[in-house]
Amino acid sequence: DVPQYWDGNIATNFATFPTWDVNWRAKSIRAYRNFIVAVNITKTATRYPQMVKWSTAANPGSMPNSWDEADPTNDAGEFPLAETQGELVDSLPLGGVNIIYKTDSYFSMQFVGGEQKFAFQLIDKNAGLLSQNCAVAFPGGHVCIGNGDIYTHNGGQSRSIVSEKDRDWFFGNLDSTYRNLAFACVNPSKKEVWLCAPGTGF
């Protein structure tokens, strides 16, 4: 669907993103600083699975007023992350940077201002994300369900947090047809991270 937002007023309905082209779609859309960041973009009938696209900066309490990367008067833009072959899946802020996840790797996205606007850096080319919503923030960084491993990182290299036996059980029982429904979430009252996935035969 075309992305929508709500202004917080219970008397108003959701509305389409201002200036978002109705022929565009995105795999994931997240907020980072005063920007909205979209990944894995489709423009009309053409998909760009490695494209990161960001809006112009928004004023507090307002939506961004442009996504036009060709307009030199604003700071909207787009950039292909083509250093690895995987498709872009999701993004999640971590400290002052935004972590951009692909199926086979992850990158940092950091605001630098000026003509460049954002700088991108490959962090780990051996750890990606299984699907959207499979990365979650906790005080030590991010916990992620990857393609074949469960790991954590704090902006650097990934570190596996499960034994080989548990890893084999988790991914061995993962339903390959519905793997895109897997997700991670935080249970603050228990100081836990839950890793949820559809199992084969359930």
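**Surface patch, pocket and salt bridges**

W6 is located in the loop that runs between β1 (4–5) and β2 (15–16). The model is a predicted one. With a relative accessible area of 42%, W6 is partly exposed. Together with I10 and F14, W6 makes up a nonpolar patch on the surface, and the accessible area of the three residues together is about 410 Å².

The largest pocket found has a volume of about 180 Å³. Its lining consists of K27, N40, E87, L88, V89, T103, L130, S131, Q132, N133 and N180. Sorted by class, the lining of this pocket comprises six polar, three nonpolar and two charged residues.

Side chains of opposite charge can pair when their charged atoms come close. Six salt bridges are present in the structure. One of the residues that line the largest pocket, E87, takes part in a salt bridge with R47, in which the closest N and O atoms are 3.0 Å apart. This pair links distant parts of the chain, 40 residues apart: R47 belongs to strand β5 (residues 46–54), whereas E87 sits in the loop between β6 and β7 (88–94). Both partners are partly exposed, R47 with a relative accessible area of 42% and E87 with one of 32%.

A salt bridge also connects K43 with E78, with 2.9 Å between the closest N and O atoms. K43 is part of strand β4 (residues 35–43) and E78 of strand β6 (residues 77–80), so the pair ties together parts that are 35 residues apart in sequence. K43 has a relative accessible area of 18% and is therefore buried, the cut-off being under 20%. E78, at 26% relative accessibility, counts as partly exposed.

E78 is also paired with K53, the side chains meeting in a salt bridge at 2.8 Å, N to O. Here the link again joins distant parts of the chain, from K53 in strand β5 to E78 in strand β6, 25 residues apart. K53 counts as buried, because its relative accessibility is 0%. Through salt bridges that share partners, K43, K53, E69 and E78 are joined into one network.

Terms used:
Residues are numbered from 1 along each chain as its sequence is written. This is a predicted model: local features need pLDDT of at least 70, side-chain atom pairs count only at pLDDT 80 or more; totals for chains, interfaces and linings use all residues. Side-chain values use heavy atoms; hydrogens and water are left out. Patches are made of residues with over 30% relative accessible area and no salt bridge: like charges are joined within 9 Å, nonpolar side chains (Val, Leu, Ile, Met, Phe, Trp, Tyr) within 5 Å. Accessible areas come from the Shrake-Rupley method with a 1.4 Å probe; for residues, only the protein chains shown count as cover. A salt bridge is a side-chain nitrogen of Lys or Arg within 4 Å of a carboxyl oxygen of Asp or Glu. Helices (H or I, at least four residues) and strands (E, at least two) are DSSP runs, numbered from the N terminus. Buried means under 20% relative accessible area, exposed over 50%, partly exposed in between (1.4 Å probe, protein chains only). On a 1 Å grid over the protein atoms alone, a cavity is a set of points where a 1.4 Å probe fits but cannot get out, and a pocket is an open set with protein on both sides within 12 Å along at least five of seven lines; lining residues have an atom within 4 Å of a point. Grid points are joined across faces, edges and corners, and a volume is the space filled by probe spheres set on the points. Ala, Val, Leu, Ile, Met, Phe, Trp, Tyr, Cys and Pro count as nonpolar, Asp, Glu, Lys and Arg as charged, and the others, Gly among them, as polar.
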